[in-house]
Amino acid sequence: MVSIIRVYNLIKRDLIIPFAIPNRAFFKNSARKVAVWRYALWLPLFAMIMGILYCTHSPMNESPELGPVYGIIFAIVLPYVITREHCKRSNREFALLLPATATEKCLAFAILSLIILPLYSIVSSCIGYYIGMILGNGIFKGTFVVSYIHRDLAVFLSPFVISLMLMIISLNLLLSLLIKNEIVQMIGLFLVFAILGIFPAVLAILKDVFLLPFLTGKTAIYLIYPLISTMLLLGSYVKLKEERA
């Protein structure tokens with residue numbers, strides 16, 4: 001039987017411990033660890049800086065559509081952060097022997113990676129980018145504009161984007177549990193960024209070969225993508241159960 005209290009405690013733990021593990025893969029003997037609140041601040045600060053820089057060449061009433069883009073990208077790669085314990089054998093064994101079932105552990109990972117962290121990433125990125133645009137216009141153009149055209153932001157709240165994003169996050173959660181080396185994980189992250197970079201070009205190609213309507217249709221959005229996400233989450237559950245056994 002799944003215990004809501006244990007799942008809640010696992011979520012609280014997974015919001016702190018993986019962020020505090022020193023990264024010896026890249027810092028070697030001078031291993032560094034960063035408090036979770038610093039990680040939480042990096043994203044809105046980065047989005048704010050990008051918003052300030054964007055104002056150097058944009059109209060003052062330009063839509064702040066890039067804000068959620070940064071949040072979505074960070075949400076997609078965060079599963080690699082919350083599963084860092086599984087990269088080192090001793091940490092992995094300790095995490096697997098916690099008084100919680102594989103179902104509860106997988107459920108905590110799913111709630112974190114699919115709900116809590118994406119919401120925080122997108123909202124904080126939007127706020128940071130919006131503040132950055134206000135400051136940028138004030139610094140570079142002498143006017144602190146607080147009203148912007150928000151018509152483009154609706155695209156990122158569309159069922160297609162949400163369904164596709166959840167499917168990609170589910171895939172990265174499974175891959176992060178399968179890969180036990182931080183360097184290989186980082187290579188995987190760069191590949192994710194590369195794929196996201198060419199994604200618009202891929203959509204253009206699919207449009208030319210008449211596949212885009214199928215990939216953005218209701219069947220794909222409400223059936224195929226959620227089904228794939230469920231299968232990937234089931235794979236994560238099986239992996240955690242195998243390791244615990």
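**A buried charge network in a predicted model**

Guide: Among the elements of the protein, helix H3 (residues 24–27) has the lowest mean pLDDT (55), and helix H12 (residues 218–244) has the highest (90); pLDDT is the predictor's confidence in each residue, from 0 to 100, and helices are DSSP runs (H or I, at least four residues). This is a predicted model, in which local features need pLDDT of at least 70, side-chain atom pairs count only at pLDDT 80 or more, and totals for chains, interfaces and linings use all residues. Residues are numbered from 1 along each chain, and side-chain values use heavy atoms, without hydrogens and water.

Visitor: Why does Asp14 count as buried?

Guide: Buried means under 20% relative accessible area (1.4 Å probe, protein chains only). Asp14 has 0% relative accessibility, so the term applies.

Visitor: What makes the pair Asp14 and Lys105 a salt bridge?

Guide: The definition asks for a side-chain nitrogen of Lys or Arg within 4 Å of a carboxyl oxygen of Asp or Glu. The side chains of Asp14 and Lys105 meet at 3.5 Å, N to O. Because Asp14 lies in helix H1 and Lys105 in helix H8, the pair ties together parts that are 91 residues apart in sequence. Lys105 has 7% relative accessibility and therefore counts as buried.

Visitor: Which residues do salt bridges with shared partners join into one network?

Guide: They are Arg13, Asp14, Glu85 and Lys105. Arg13 pairs with Asp14 at 3.7 Å and with Glu85 at 2.7 Å.

Key: Buried < 20%, exposed > 50% of the residue type's maximum accessible area, 1.4 Å probe, protein only. Helix = DSSP H or I, 4+ residues; strand = E, 2+ residues; numbered from the N terminus.
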